[in-house]
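Here are my notes for you to read beside the model. Take the points in order and find each residue as you go.

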Amino acid sequence: MILEDVQGRPDVRGVALDEVGVSGLRYPIVACDRDGVKQETVGEVSMAVALGAEVKGTHLSRFVEVLHEHAAEISVTTAPVIADALRVRLAAPRAQLRVRATYFRERRAPVSGAHALMGYEVDWFATADSATARVEFGARVPVTSVCPCSKAISDYGAHNQRGHITVRIRPHERTVHSGGMPWIEDLIDLAERSASAPVFPLLKRSDERHVTMLAYDNPVFVEDMARNVAQQLREDAALEAFGVHVANDESIHDHAAFAGIEWPCPGSLADTRWASG
């Protein structure tokens, strides 16, 4: 029996679509770090292609087929390859891929050396057309901040809070395979250096004392953290664009405080605040 390909019928309305695809697809993936070490995790995936005005529909089953063929490694270098494979398989002018996942790093406490795994929300976003394949990626990093104003005006102590720094970058296409650009781990390290203190999954009493005093000695506003990150990224010649979004869950207010920047201009990236919360 020959089954009709209804999606292949022509469409006469003359309306091209920018995006047609699947979203909310949870799939086991293997993420690769800067040292080539691979870790298994679960990604939430969205995939889309542009659809010409004359085509009625696309073949959604092929999205999952392409993902299954390439899920053995998701990284800065493979994400644009997958997007291009999707474009070719669907015979589309453009394709895009987004993968969001939890990325684990082993963290050691600063004094005792106690270690445990800590998860970070990470994101890869790739686009491909017949001429280029591009990638953006980022991380949402939990941090501690101490309020400079509170420290300056208080007789003792200062209010502090946990916040998140979301960093997203788009490297120049020529640097993706050259090894000269930041990786996820670099973005995490940069965000932590830009705050009052890092957040750790496991601390002993000696570590807690160290981290508390470290944060107290390095008070920062959300504005400071955003500028600290942006200042360092702006000097990286490997980057075409970047975005930073910082949010503090204020400990003495019933609201959050935030600051953000996109360089070279707002709208440079697909979605700077993808996980800023």
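**Notes on the model**

1. Let's begin at the end of a helix. Just after H2, alanine 91 takes a positive phi of about 50 degrees. Helix names like this one come from DSSP runs (H or I, at least four residues), as strand names do (E, at least two), and the numbering goes from the N terminus. Before going further, please keep in mind that this is a predicted model, in which local features need pLDDT of at least 70, side-chain atom pairs count only at pLDDT 80 or more, and totals for chains, interfaces and linings use all residues. Residues are numbered from 1 along each chain as its sequence is written, and side-chain values use heavy atoms, with hydrogens and water left out.

2. Stay with H2 for a moment. Which residues are buried in H2? They are Ala79, Pro80, Ile82, Ala83, Leu86 and Arg87. These residues cover an arc of only 160 degrees around the axis, so they sit on the same side of H2. Here "buried" means under 20% relative accessible area, "exposed" means over 50%, and "partly exposed" is in between (1.4 Å probe, protein chains only). The arc is taken from the directions from the helix axis to the C-beta atoms.

3. What do the buried residues of H2 pack against? Their partners are S2, H1, strand S3 (94-108), strand S4 (115-129) and strand S5 (133-146). Contact means heavy atoms within 4.5 Å.

4. H2 also holds a charged pair. The side chains of arginine 87 and aspartate 84 meet in a salt bridge, at 2.9 Å from N to O. A salt bridge is a side-chain nitrogen of Lys or Arg within 4 Å of a carboxyl oxygen of Asp or Glu. Arginine 87 and aspartate 84 are three residues apart in helix H2, so about one helical turn separates them. Arginine 87 is buried at 15% relative accessibility, whereas aspartate 84 is partly exposed with 26%. Elsewhere, salt bridges that share partners join Arg98, Arg100, Asp123, Arg134, Glu136, Arg168, Arg170 and Glu240 into one network.

5. How many salt bridges does the structure hold? There are 15. One of them joins aspartate 11 and arginine 13, with 2.5 Å from N to O. Aspartate 11 is buried, with a relative accessible area of 15%, while arginine 13 is exposed at 63%.

6. Another salt bridge is formed by glutamate 73 and lysine 38, whose closest N and O atoms are 3.3 Å apart. Glutamate 73 lies in the loop between helix H1 (60-70) and helix H2 (79-89), and lysine 38 is in strand S2 (residues 38-51), so the pair ties together parts that are 35 residues apart in sequence. Glutamate 73 is partly exposed at 23% relative accessibility, and lysine 38 is partly exposed too, with 49%.

7. How many disulfides does the structure hold? It holds zero. Cysteine 147 is in no disulfide, and its nearest cysteine sulfur, that of cysteine 149, is 5.2 Å away. That is too far for a bond, because a disulfide is a pair of cysteine sulfur atoms within 2.5 Å. Cysteine 147 is buried, with a relative accessible area of 12%, whereas cysteine 149 is partly exposed, with 38%.

8. Next, find lysine 204 in the loop between strand S7 (197-198) and helix H5 (205-216). Its relative accessible area is 48%, so lysine 204 is partly exposed. Leaving aside residues up to four places away in sequence, lysine 204 touches Ser112 and Ala114. The C-alpha atoms of lysine 204 and valine 111 are separated by 8.3 Å, and these residues are 93 apart along the chain.

9. Last, look at strand S8 (residues 239-249). Nine of its 11 residues are buried, so S8 is largely enclosed by the rest of the structure. Strand S6 (residues 160-171) pairs with S8 in the antiparallel sense over nine bridges, and proline 171 stands opposite leucine 239 in S8. Two strands pair if DSSP finds at least two bridges between them. S8 also pairs with strand S9 (residues 256-263), in the antiparallel sense over eight bridges. There, the bridge partner of valine 244 is isoleucine 261 in S9. S8 and S9 form a hairpin, with six residues between them.
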